[in-house]
Amino acid sequence: MERSPVIELKHITKRFGNNIANDDVSMEVYEGEILALLGENGSGKTTLMNALAGIYYPEDGQIFVRGREVNIHSPRTAFDLGIGMIHQHFKLVDVLTAVENIILGLNEKSRYDLKAAAARITEICDRYGFHVDPFQKIYTMSVSQKQTVEIVKVLFRGADLLILDEPTAVLTPQETEKLFNVLRNMKADGKSIIIITHKLNEVLEISDRVAILRKGKYICEIKTSEASVQQLTDAMVGHAVTLNIDRPVPVDPKDKIIVEHLTIRNSDGVAKLKDISFTARTGEILGIAGISGNGQKELLEGIAGLQKIESGSIRFVDDNGKETELVGMDPRKITDMGVTLSFVPEDRLGMGLVGNMNLGENMMLRTFRHSGGPFIDRKEPFHLAKRVIESLEVVTPSVKTAVRKLSGGNVQKVLVGREISSSPTVLLTAYAVRGLDINSSYLIYDLVNQQKKQGVAVVYVGEDLDVLLELCDRILVLCDGQVSAILDARKTDKQQVGLLMTKLGGEAANE
Amino acid sequence: MNKVPLIHVTRRKDIFWVRAWLVRIIAVALALVVCGVITMMATGLNPIKVYAAMIDGAFGTSRRLWMLLQNIAILLCISIALAPAFRMRFWNLGGDGQALMGALGAAASMILIGDKVPNWLLILIMIVVSICAGALWAGIPAFFKARWNTNETLFTLMMNYVAVQLVAFFVIVWEVPKGAGKIGIINQNSNAGWFPQVGGQKYLLNVIIVSVLTILVFIYMNYTKQGYELSVVGESEPTARYVGIKVRRVIVRTMLLSGALCGVTGLLLVGGTDHTLTTTLVGGRGFTGVMVAWLAKFNPVFMVITSFLIVFLQRGATEITTTFGLNQSFGDIITGIILFFIIGCEFFLNYQIHFRKAHKEVA
């Protein structure tokens, strides 16, 4: 069947200063298909889609919608053309309800009719098989619900081309499955969908065609039915990549961090962790699995001295077997005790790094107190920054570039590079590869493994069960703030972990 | 929909500094042209003459020049006081009150113990008292912010009014002569507590002190651990806590410094130049200083330039209204236009405007 393209991009070029984000990119999208746009971080996927959504205006090139050349100079123009983008960072007003957010900015002549809008929202939801309560406030919603609101918003405005920027990055496996079902329904309804991603198994699962970008250039397109993971990876990275995660056997594991009966409440008094006990050992990777928001954040921050602990104990065991209580200490005291504890937090630019400061200044964060006198030593941190750039292949114009200008993967490399530079004895990581492309992800796995081999006790909070099962030695499954089970990662499977994540102790398995 | 937009605007990544200064110079030149046109249309005066009068008003005589320098020094002093707080994203709008408290402290020392201790000791006491008074006035809102996360903007703003009322009260207590409702020149006969004149110039000492302070604040903010800490706190409190910076302590410490420097401003006004205390002594410089600090992006060295600009405009505007018998508002209009252009050019420094070329023919 010969189909006509809904959208045609011809020779799109977009520059930022001296960087070329998109270099002469041409591609098409057809009606009723799901196109996966695949590429590493900084390969220009989001920029290209932003040009379609009217956020950026390309310097060169033409865009055709249904055969007609158009100039998309604002998001409103894009909407009028039926193009809607769901951004990675949701653009919703927290204190408003779903329906208020959805009709916000619509230029209707008459007064807003919330009831009618709500009815239309329900109708859209029914048609594609998802659920939104139109009168629920955004701030009470889960990430997946917020994403649904974003999708409904776009459909409400009559979009027939949907662009989703890394939609699964924040979802659990179950939520992802739900989203994919919705996307399939939309496709059946004749809508075209572009999904930006770098998770290959998802690409293979959902898309009809894959378009691959590398360093701003259009590399090729592949029919999904004819593609393999290895082939896609190689095309994306530009050279052959091995897709195996190393898992050396732990050498002489010793107890390093002993957590007993730990309970933590958040500022609203809700118990986020209830009576948690476990031990992290040297030379071992302890994986933490669980649906996000089940106490992972509190657990790591509790160990790092950033959470008020209601009860329980966290003890650090030094090389001579002497135990030190960490509860009640702030990060400074923990460092002063000689406990080298490194922590890669979930929110990289919100907690781990300072976005407006440059690479060197960010390296200083951990060490600036070490030098004597009132003045700051800038030399050493800048040397460290250069070493990190070199060894971890950070892509940055210079050490004096503000960290927020780097892409997500490079930001993470800077953070991990700094945290392991202090040769820690304990390494805590939260979602270390979230939003990272395949190359960067494997680099991070390697780094974590290196630390493990050096005898570091690693606590690895992850969301990708496949990776957790391949990388970790033991897996602690959290469910509703409690320990659902601690498993030997070599002897369990995805099914079991998934069940433990949703039902405490996995009782459901016996039902 | 098929219309090609004539212009579109993109964010600049970086701008070469020469180019940035060129943009600023063009902005000032354009401002002068626009002011000239408006001057001609509104008053029929020759704009060149008006500008000449402005320059004459600012630099014309050595007395005017010294007045200019003195005004710059005081404004700069209060601006560099605000800089560390602003870098920490602590919006200290209480510069007026803090300086006034410093002035009150200095005046109180002069009046109460002026004839009881040797002059050098008196001046030392004045310095300590005014610094403490300013620091106290900034420390209170800082403590509440650190402890209970109160809104520092409102808190510091309200503290200004408390300071004004306190000064009004003490002006009545110490009024000379009784019933005059003002203090007049303090220690007019003994000159106790008056700062010594350096090089025979009444204002030179203030200028020197503020110059030294500016350099010190610049070093403090850019090269010390404490300066780094306050930048981190300003950028992201969670990050600061994550690396073990004691956020509350940094907030209070920085504000004590900010208030202390404001206190010094009050001290310079009372001990150095005015030798009296009135509720309008600081005259809104705590707010003008906010503008100076923002225009200079909280860099103390750039503040020298921005405070010069603002003082020059103020003095020039006053001069042309008297010389040409114009309404006071006319000077304000000129000042307004020039500031509009200078602040407006920031847009061109941060954004780039592309003019769309004629579209290529489709092959």
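This is a predicted model: local features need pLDDT of at least 70, side-chain atom pairs count only at pLDDT 80 or more; totals for chains, interfaces and linings use all residues.
**Within chain A**

Where the two meet, 10 residues of domain 1 of chain A are in contact with 12 residues of domain 2 of chain A. The count of salt bridges between these domains is 0, and 0 residue pairs in polar contact are found across their interface (both at pLDDT 80 or more). On the side of domain 1 of chain A that touches domain 2 of chain A, α7 (200-206) and α8 (229-237) each supply at least two residues, with α8(A) giving the most, 3 residues. That side of domain 1 of chain A divides into 4 nonpolar, 5 polar and 1 charged residues.

**Between chains A and B**

Here 48 residues of chain A are in contact with 33 residues of chain B. Y57(A), N71(A) and F368(A) supply 16% of the area that chain A buries against chain B, more than any other three residues. There are 2 salt bridges between the chains; K246(B) forms a salt bridge with D330(A), with the closest N and O atoms 2.8 Å apart. The interface of chain A and chain B also has 20 residue pairs in polar contact (both at pLDDT 80 or more). Elements of chain A that each supply at least two residues to the side touching chain B include β1 (5-16), α12 (359-367) and α14 (408-421). The residues of that side of chain A divide into 21 nonpolar, 12 polar and 15 charged.

**Buried areas**

| Interface | Buried area | Share from carbon and sulfur atoms |
|---|---|---|
| Domain 1 and domain 2 of chain A | about 1,100 Å² | 55% |
| Chain A and chain B | about 3,400 Å² | 53% |

Technical notes
Residues are numbered from 1 along each chain as its sequence is written. Chains are lettered from A and ligands numbered from 1 in the order in which they are written. Side-chain values use heavy atoms; hydrogens and water are left out. Contact means heavy atoms within 4.5 Å. Buried area is the accessible area (1.4 Å probe) that two parts lose on being put together, summed over both. A salt bridge is a side-chain nitrogen of Lys or Arg within 4 Å of a carboxyl oxygen of Asp or Glu. A polar contact is a pair of N or O atoms within 3.5 Å; within protein, one must be able to donate a hydrogen and the other to accept it, and residues adjacent in sequence count only if both atoms are side-chain atoms. Helices (H or I, at least four residues) and strands (E, at least two) are DSSP runs, numbered from the N terminus. Ala, Val, Leu, Ile, Met, Phe, Trp, Tyr, Cys and Pro count as nonpolar, Asp, Glu, Lys and Arg as charged, and the others, Gly among them, as polar.
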